[in-house]
Amino acid sequence: MTLVTSPLASPGSPWRLSVAPMMDWTDRHCRYFHRLLSPHALLYTEMVTSAALVRGKQLRLLEHSQQEHPVALQLGGSDPRELAQAARLGAQAGYDEINLNVGCPSDRVQSGRFGACLMREPLLVGDCVKAMRDAVAVPVTVKCRIGVDDQDEYADLQYFTQTMLAAGVEVLIVHARKAWLQGLSPKENREIPPLDYQRVYRLKREFPQLLVAINGGITTVDAVREHLDHVDGVMLGRAAYHDPYVLARVEAALHGVPMPSRESVLHHMRPYIEAELARGTALKHITRHLLGLYQGQPGARGFRRALSEGAHLAGAGWALIEQALAPAMAAA
């Protein structure tokens, strides 16, 4: 089929491949590592609340390195004025995109009146987006679900999308599951509600002017290729974290570049790791993101064990990485 695309959806579009914002996972150390595996993927921060930036003045949450670009800041909130201020701070910090979270189903997020519960309030989301767009020159995007609780008709998603377009949204990232706000944990919300890719495909067909990226349950190169026949972009989530080398495989498939060896990726991490250790970062905060690098490979268990057992010890440094590599190299 021939996909009618948004004007933003060129072959070099940053949204063609992205890594989902994931709480407690996609911090700056994770993003630096992922960038080495995929030079083109768009990377996202963990969700940062607008209140933390504006009222809490926690500007440290905006820290990132130049090597991470293109990188987007995801915000959580529901106050248009506060979100506009937070978006402005993000743009001033150098982020390439500001994304609004309308998909997280956790109780903590709901209690703050943001995340997936906002799908019930499209007009408020539209007001938030418009305020953010008026505040910054970088793209303002929205990440949502296909529905929430009993609001599960395609017409609901259609109306939400129409409202986003009216507010000026050009990029919509859709997790192809609905969210249950009561009765399921965030983890269960990623696994139990069934995936409905066809609903996202239909959305793209009916709103060709919108750049639509799809998220949810995507784990292989073949799946990425299949989705790109129907939508403009693919966002990888847990697969990119638990099996990060999938980013190198997808990068090679989409851009025709040779895959770096896992060992070379680790060695390219060395200057970053040593600089972070020098500024007082504990090695365990970095190595926890590396544990899946040898997923499915001989020596993977030894690699994980060496990092898991040694990274928290006082004085742990680059030598531990070399030690962890030994089982994987011996098994190669």
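Predicted model: local features only at pLDDT ≥ 70, side-chain atom pairs only at ≥ 80, totals over all residues.
Residues are numbered from 1 along each chain as its sequence is written, and side-chain values use heavy atoms, with hydrogens and water left out.

**View 1. The aromatic pair of Trp-25 and Tyr-241.** Three aromatic pairs are found in a search of the whole structure; rings of Phe, Tyr and Trp (its six-membered ring) pair if their centres lie within 6.5 Å, and planes under 30 degrees apart count as stacked, over 60 as edge-to-face and the rest as tilted. The ring centres of Trp-25 and Tyr-241 are 4.4 Å apart and the planes lie at 10 degrees, so this pair is stacked. Trp-25 belongs to the loop between β1 (17-19) and α1 (28-37), and Tyr-241 to helix α10 (residues 238-242), 216 residues apart. Helices (H or I, at least four residues) and strands (E, at least two) are DSSP runs, numbered from the N terminus. Trp-25 and Tyr-241 are both buried, that is, under 20% relative accessible area, with exposed meaning over 50% and partly exposed in between (1.4 Å probe, protein chains only).

**View 2. The aromatic pair of Tyr-32 and Tyr-272.** With centres 4.1 Å apart and planes at 20 degrees, the rings of Tyr-32 and Tyr-272 are stacked. The pair links helix α1, which holds Tyr-32, to helix α12 (residues 262-278), which holds Tyr-272, 240 residues apart. Tyr-32 counts as buried because its relative accessibility is 13%, and Tyr-272 because its value is 9%.

**View 3. The charged end of Arg-262 over the ring of Tyr-245.** A charge sits over a ring if NZ of Lys or CZ of Arg is within 6 Å of the ring centre and within 35 degrees of the ring normal. The charged end of Arg-262 lies 3.8 Å from the centre of the Tyr-245 ring. The charged end of Arg-262 also sits over the ring of Tyr-294, 5.9 Å from its centre.
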